[in-house]
Amino acid sequence: MSSRIHNGNDVYVKAEEYWSRASQDVNGMLGGFEKLHTPDITVSKRFIESLRKRNLFGSNEYALDCGAGIGRVTKHLLMPLFKKVDMEDLVEELIVSSDQYIGPDPRIGEKFIEGLQTFAPPEGRYDLIWIQWVSGHLVDEDLVDFLKRCVKGLKPGGCIVLKDNVTNHEKRLFDDDDHSWTRTEPELMEAFENAQLEMVLKTIQTGFPKEIYPVKIFALKPIVQSASDDN
């Protein structure tokens, strides 16, 4: 891990190369930590149920899985909870592998092959946009711009969830293997604010080994501008 500055375009190319070489199975999607799968899905399901109980998203009609890979989160978390799920990933080989991993299912909607630095979710489509273990691949400006595009992709009352590792160090860390940053929580909060998002619920992942950086889940809703704000 390092904290030096990296060029965004160069990072994106190298990250795509890394994930193109990853094994197209659960172990590959979890960077060799297949044992994380069950506690990950368990805590994420619990978090979505908490959102529902608090009426923090409108319905269970449509979700989007960002950085979907072969569809691990799509299959085990989102498909059991939503009637339709779209998938996005930068690496075409992984999206193609999702056909076999998930199998034919009418709940699978569109599959977008594009990097998050340019991807724009279809406007007004989603009740929930799930962004897991992929935000660290974006430079700050692209992360904020992507979150702004996600806001446009929400239905009225929709919600964005970001789940990622968070470092307790004073500065973010850069992984020279998969070419991603592990940000500090204040850095993430600043990105949310710059994207006009408000954090409405947060939890920490449990059941992971101690040697792994803490993983936190943030539920985000667009900040509602009051009439007085426009004057």
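**Reading contacts and burial**

Modeller: L78 touches I48, A63, L64, D65, V73, V85, L128 and W130, leaving aside residues up to four places away in sequence. Keep in mind that this is a predicted model.

Colleague: Where is the place of L78?

Modeller: L78 belongs to helix α4, residues 72-78.

Colleague: Now a loop. Where does T184 sit?

Modeller: T184 lies in the loop between β7 (180-182) and α7 (185-194).

Colleague: Is T184 buried or exposed?

Modeller: Apply the cut-off again: under 20% is buried. T184 has a relative accessible area of 5%, so T184 is buried.

Colleague: Which residues does T184 touch?

Modeller: With residues up to four places away in sequence not counted, T184 touches V166, T167, H169, E170, K171 and R172.

Colleague: Next, helix α5. Which residues are buried there?

Modeller: Helix α5 covers residues 92-102, and L94, I95, S97, S98 and I102 are buried.

Colleague: Why do the buried residues of α5 line one face of the helix?

Modeller: Look down the axis of α5. The buried residues fall within an arc of 160 degrees, so they line one face.

Terms used
Residues numbered from 1 in each chain as written. Predicted model: local features only at pLDDT ≥ 70, side-chain atom pairs only at ≥ 80, totals over all residues. Heavy atoms only, no water. Buried < 20%, exposed > 50% of the residue type's maximum accessible area, 1.4 Å probe, protein only. Helix = DSSP H or I, 4+ residues; strand = E, 2+ residues; numbered from the N terminus. Arc of directions from axis to C-beta. Contact = heavy atoms within 4.5 Å.
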